[in-house]
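Thank you all for making time this morning.

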Amino acid sequence: MTDLSAFQHPRFARLYQRISAESERRGTAEHRDRALAGLAGRVIEVGAGNGMNFSHYPATVTEVVAVEPENNLRSLAERAAATAPVPVKVVAGHGDALLFDEASFDAAVVSLVLCSVPEPTHFLAEVRRVLKPGGQLRFFEHVRSSSPLLGVFQDMITPVWGAIGGGCHLNRDSRAAIEAAGFEIDELDRFGYAPLKFVPEHAHILGRAHKPGATR
């Protein structure tokens, strides 16, 4: 198996487990519902974290393969998979080298993960590789503010924030990364909300893209 030692953030994983429940109550759960609505077939979720998406998959999904590199978060995801409404298989791995055949999934999900991967465009190119032609990418991510002042502030604090937040970058342009990886965006909603009491409202994007190819 690919070495996952560089992806271990046990302190952040413990913190994330505590704060994720609050985030769900403050609106994240509803955004997960929107991001996953209408999915069908075999789905790969890359960077599944502690499995907070699992309860939101619709019954039309036949299988979710959930890839997570961080050991503590993956253990929590395995627990969440046991009570999910659809079959979920949690596997160790990371998005920079997915151990799956080309064109083996109907859809892919990335959710609050592009902020923390080393190279988002490469990560997304791997996701694109394992999707069937015409396959959907569903995304829900926080992104750099469109306000020049707040954007510069995010740029300044990202190194410190990333050191304590499992490599999270506050200033990523995930839409640009999705398009640079060869996806075509079909729907995109940009909005702000505050997922935690101690974090100010900040920009997020949620939408759908597809891998060019066969008719969807």
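In this predicted model, the secondary structure of the protein chain comes to five helices and seven strands, and if you read from the N terminus onward, the order of these elements is α-β-β-α-β-β-α-β-α-α-β-β.

Let us turn to the overall dimensions. The C-alpha trace spans about 45 × 35 × 35 Å along its principal axes. For a chain of 216 residues, a compact globule would have a radius of gyration near 17 Å, and because the protein chain has 16 Å, the value agrees with that expectation. Of the 216 residues, 51% count as buried. If we take the contacts between residues at least 6 apart in sequence, 70% of them join residues at least 24 apart.

Which residues touch the most other members of the largest nonpolar core? That core has 27 residues, and the ones in question are Ile 44, Phe 123, Leu 124, Val 127, Leu 137, Ile 178 and Phe 183. At least two residues of this core come from each of several elements, including strand S1 (41–46), strand S5 (131–142) and strand S7 (202–210), while helix H3 gives the most, with four residues. Apart from this core lies another one, of 17 residues, among them Leu 36, Tyr 57, Ala 81 and Ala 107.

I would like to finish with Arg 172, which lies in the loop between helix H4 (148–164) and helix H5 (174–180). Arg 172 is buried and yet has no salt bridge; the nearest side chain of opposite charge belongs to Glu 141, and it is 8.0 Å away, whereas a salt bridge would need the charged atoms to be within 4 Å.

What, then, lies close to the polar atoms of this side chain? The backbone oxygen of Leu 114 lies 2.6 Å from a polar atom of the Arg 172 side chain, and the backbone oxygen of Val 117 lies 3.0 Å from a polar atom of that side chain. Beyond its neighbours within four places in sequence, Arg 172 is also in contact with other residues, among them Cys 115, Ser 116, Pro 118, Pro 120, Val 143 and Arg 144.

Notes:
Residues numbered from 1 in each chain as written. Predicted model: local features only at pLDDT ≥ 70, side-chain atom pairs only at ≥ 80, totals over all residues. Heavy atoms only, no water. Buried < 20%, exposed > 50% of the residue type's maximum accessible area, 1.4 Å probe, protein only. Lys, Arg positive; Asp, Glu negative; His and termini not counted. Polar contact = N/O pair within 3.5 Å; in protein donor to acceptor, adjacent residues only side chain to side chain. Contact = heavy atoms within 4.5 Å. Core = buried A, V, L, I, M, F, W, Y, C linked by side-chain atoms within 4.5 Å. Rg over C-alpha atoms; globule rule 2.2 N^0.38 Å.
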